[in-house]
Amino acid sequence: MMKHRIRFTINGEVREMEVKSNQRLLDLIRNDLDLTGTKEGCAGGECGACTVLVDGKAINSCLMLAVEADGKEILTIEGLAEGMVLDPIQESFVEHGALQCGFCIPGMIMSAKALLKKNPHPSEMEIREAISGNLCRCTGYEKIIEAILNVTQKQA
Amino acid sequence: MAGNVIGKSVVRKDALEKVTGAAKYVGDLKFSPMLHAKILRSPYAHARIVSIDTSEAKKLPGVKAVVTGEDFHQYVGLYLVDRTLYAYEKVRYIGEAVAGVAATSPEIAEEAVKLIKVEYEPLPVVLDPEEAMKPDAPLIHEKLHEYKCVPFIFPVPHTNISNHFKIRKGNVEEGFKQSDYIFEDEYYVPHMQHCPIEPHGTIAHMDQKGKITVYNSCQSPNATRKLLSAALNYPVNKIRVIAPYVGGGFGGKAGATIETLVVPLAMKTPGYYVKLIYNREEEFRDTFVRQGMKAYVKTGVTREGKIMAQELKMIWDGGAYTEYGANITRAAGYTSGGPYEIAHMKTDSYCVYTNKPVGGPFRGFGMGELHWALEQQLDQIACKLGIDPVQIRMINACRDGSINACGEKLKDIGLTKCIEKAAEMIGWDKPKEQTPGKVRGRGIACMVKGPAMPPNAGSSAVLKINEDGSANLLITATEIGQGSMTALAQIAAEELGMSVDKIEVALPDTEYTPYEWQTVASRITYSAGNAVIRAARDAKRQLKELAAVGFGVTPEEMDVANDKVFLTANPEKYYTIAELSLGLVLPNGGGVGGPIIGRGSWVPEGLGGLDPETGQGTKAVAHWTFGCQAVEIDVDVETGKIDLVNVAAVYDIGRVINPCMAEGQTQGGIVQGQGVAFHEQMVFDENGKLKNPSFVDYKLINAVEMPRMSIHFVETPLEDGPYGARGFGEHVMVPTAPAIANALYDALGIRVKSLPMTAEKVLKAIKDKNSR
Ligand code: FES
Ligand code: FES
């Protein structure tokens with residue numbers, strides 16, 4: 001198996017690593033970097049549990065190869081809080097009880113993060129669309145949407 | 001103010017870990033040395049295993065163990081012991097585990113699986129349960145008559161019927177005679193998948209002493225332990241099951257599924273940690289699935305709309321093994337009157353083996369299937385008789401004093417309040433808004449469910465008081481998202497007069513946390529909640545006794561609140577809970593009592609068996625929870641697509657422990673019910689192969705589709721519920737689909753009687769109606 005040396009930034013830290021040519025970005029994150037907050041739910045780009053930000057855009061890390069991360073900036077759920085201080089999105093999820101089993105939540109929050117980065121005051125429909133690739137089997141989405149809406153209202 | 005937390009939206013105990021990605025699920029755990037498992041699965045739905053050759057696989061470098069049914073064919077099962085750990089002699093569905101491999105990497109394990117050679121001799125495949133019931137049908141389990149089962153399951157020897165449950169109440173023929181009209185119809189529900197976003201996962205380890213430890217994404221650590229122990233003839237205390245956070249269960253992680261494949265591999269590789277995480281395809285096919293069901297309903301009513309008699313035949317597509325599913329057919333049987341009182345009833349509920357994936361518990365435990373039939377049937381009757389659908393439900397609704405299908409006299413029932421409130425919330429009597437290009441319809445459906453479990457299913461709790469006045473609550477309820485940690489902490493805090501922040505709740509570890517039957521049946525707040533109350537009261541009693549010694553009074557003169565144990569007559573005189581936590585310290589420095597540990601055990605009382613011929617008895621389940629949903633839909637007559645616009649859900653849950661969580665759980669249930677209504681079905685080809693094992697072809701509801709929801713709780717206290725609380729976690733998904741079906745009739749005068757109500761089916765029904 002061909003190996004490649006890549007250099008990338010993850011959660012603000014520059015890393016250089018060897019990756020196999022068929023290795024998924026998700027495996028690099030979960031297995032090599034031990035950042036297990038990013039989840040695998042389907043391995044097919046359908047559930048969004050593996051959502052991370054690559055250069056600010058939400059992507060399914062199960063569909064991206066690790067080699068493609070070369071030169072990129074990656075943000076995972078672990079990179080949102082600063083120490084014990086939560087990101088406002090995380091805080092809002094806690095406040096609104098916008099979680100149950102929690103398995104979809106890191107991906108949800110990352111999709112919300114990408115949305116709010118480019119559109120700080122989205123409408124409810126824009127929020128629904130932004131997280132439409134993140135499946136949640138527990139919450140029925142309502143509280144998640146409320147939580148995201150509320151972040152934007154607080155910042156308004 | 002400490003205590004006083006019942007009915008408050010306390011922040012979830014697991015929130016911080018879950019929003020930061022710190023919460024660990026089984027797939028996130030790593031150990032050393034680790035092995036990875038892969039499973040070889042049957043390509044045939046029904047075949048004899050002629051031979052298995054694992055020699056090439058075993059030679060592959062990196063392979064540490066290969067197991068098959070030759071080594072591990074012990075039987076396992078919760079209610080009917082009909083399943084072997086690995087397929088033995090026969091395979092009975094496509095996907096059944098034939099062999100397992102443990103290797104140093106997932107890739108090697110995968111390669112080894114391909115090297116295993118299995119010779120099969122195909123047998124006739126039985127996919128239709130009605131065919132399977134016929135006397136000349138090929139038998140899927142030749143040894144059914146030899147299988148062990150609990151006393152309330154009734155297999156029919158030498159057939160494919162693994163359970164036949166009967167209700168004979170009153171005289172159904174007489175009831176039909178007293179009826180002015182008789183309605184007959186058929187309804188169908190396909191197989192469904194739970195689709196937790198976290199797939200099943202297990203890591204198993206056996207040490208040199210033979211101790212087996214299982215890290216498990218499961219709902220039932222104690223049941224898993226017991227099932228493994230019984231199957232392997234292994235001491236219970238040599239098996240330890242640890243359940244970290246579970247990424248959704250919905251019934252699919254109850255009992256035992258994946259762990260029965262991984263533990264044998266661990267037993268062959270002492271010292272290693274063997275890990276298996278299912279991929280999505282395995283998750284769809286090789287865990288429990290919701291059974292399909294066909295219902296034949298005959299209902300007799302008076303012209304005023306009172307149901308006089310009901311004859312119901314339910315045929316359940318149980319799949320290849322019905323060790324758990326058999327009890328679902330029983331639950332639907334004893335609930336077969338639904339939320340209504342019917343004087344004369346005849347019910348036959350059959351669990352039937354087919355060559356399909358294994359049927360098992362699914363949120364609702366048969367109630368979604370049952371109510372799909374009953375609630376449409378009643379709606380049809382209302383429409384034909386010209387009675388308002390709300391009115392006909394009010395006429396027939398169970399109330400205090402009603403006698404249910406099993407002859408139990410009901411009390412403390414708030415169903416009529418739920419119906420009235422749901423109708424009011426949806427604006428039943430108001431003119432409908434219209435969406436351009438669409439036709440709006442309104443529908444309503446009710447439901448009832450009780451916790452289906454053995455009569456002696458118990459719970460226990462241990463509460464350790466710490467030296468700073470905080471406490472650790474030990475329980476074996478799994479946190480599957482329902483919020484058990486938080487609700488149970490609230491209950492402990494309320495009883496102890498302690499701030500809820502001071503209570504830390506453990507995740508299950510059968511080595512340290514006390515017995516819990518299973519985290520199923522919407523029973524944790526109810527059953528474990530009662531155990532926690534008893535544990536807290538036990539701790540409180542000890543605190544009072546110690547304080548009483550200190551003050552030279554009797555314990556009855558003491559009270560506990562706000563982290564203090566004080567003299568009721570003079571609250572200024574107190575010990576803090578912290579001061580008493582390790583026992584009372586006397587002025588001379590000596591100690592009394594020692595550390596405080598509260599213990600509580602609980603089992604519902606008064607449950608008994610039902611007569612096998614009539615289904616009549618005292619009390620089939622611990623309690624009943626009723627509810628009602630009303631919906632508004634928009635139908636696009638050009639495409640047949642239905643939009644769910646508004647849902648009003650009202651449940652009588654006895655007492656709301658945490659409003660935010662109760663609401664969240666209801667919202668999730670409604671949306672799951674919406675999925676049932678619109679999309680979800682497992683599709684099999686003529687060989688029994690599942691055609692849609694992915695989220696591409698098996699759609700879940702996403703954030704764009706979900707409706708506007710309004711939710712209300714009626715609170716009719718349950719006599720033996722904690723603070724009156726009843727279980728309701730499953731109930732909230734049950735009436736959504738039939739309410740939508742009824743709304744579809746309201747909109748267009750068409751009925752779709754088989755789930756799901758896809759756009760194609762709706763469009764066809766529209767065309768059929770227009771061509772009539
Ligand atoms: S795991 Fe990547 S989308 Fe599901
Ligand atoms: S919280 Fe369980 S999947 Fe979303």
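This is a predicted model: local features need pLDDT of at least 70, side-chain atom pairs count only at pLDDT 80 or more; totals for chains, interfaces and linings use all residues.
Trainee: Is helix H13 of chain B largely enclosed by the rest of the structure or exposed, and how many of its residues are buried?

Mentor: Helix H13, residues 484–496 of chain B, has 13 residues and reaches 18 Å from its first C-alpha to its last, close to the 18 Å expected. Among its buried residues are B:Met485, B:Leu488, B:Ile491 and B:Leu496. A residue counts as buried under 20% relative accessible area, and H13(B) is largely enclosed by the rest of the structure because the number of its residues that are buried is 12 of the 13.

Trainee: Which residue just after H13(B) takes a positive phi?

Mentor: The helix itself covers residues 484–496 of chain B. Just after H13(B), a positive phi of about 65° is taken by B:Gly497.

Trainee: Which three residues supply more than any other three of the area that chain B buries against chain A?

Mentor: In the interface, 51 residues of chain B are in contact with 43 residues of chain A. The area buried between the two chains is about 3700 Å², with carbon and sulfur atoms giving 60% of that area. Of the area that chain B buries against chain A, 18% is supplied by B:Val19, B:Ile197 and B:Ala703.

Trainee: Which element gives the most residues to the side of chain B that touches chain A?

Mentor: Across this interface there are 5 salt bridges, including the one in which the side chains of A:Arg30 and B:Asp28 meet at 2.8 Å, N to O. The elements of chain B that give two or more residues to this side are helix H1 (15–20) and helix H16 (659–678). The element that gives the most, with 8 residues, is H16(B).

Definitions and conventions:
Residues are numbered from 1 along each chain as its sequence is written. Chains are lettered from A and ligands numbered from 1 in the order in which they are written. Side-chain values use heavy atoms; hydrogens and water are left out. Helices (H or I, at least four residues) and strands (E, at least two) are DSSP runs, numbered from the N terminus. The expected span of a helix is 1.5 Å times one less than its number of residues. Buried means under 20% relative accessible area, exposed over 50%, partly exposed in between (1.4 Å probe, protein chains only). Contact means heavy atoms within 4.5 Å. Buried area is the accessible area (1.4 Å probe) that two parts lose on being put together, summed over both. A salt bridge is a side-chain nitrogen of Lys or Arg within 4 Å of a carboxyl oxygen of Asp or Glu.
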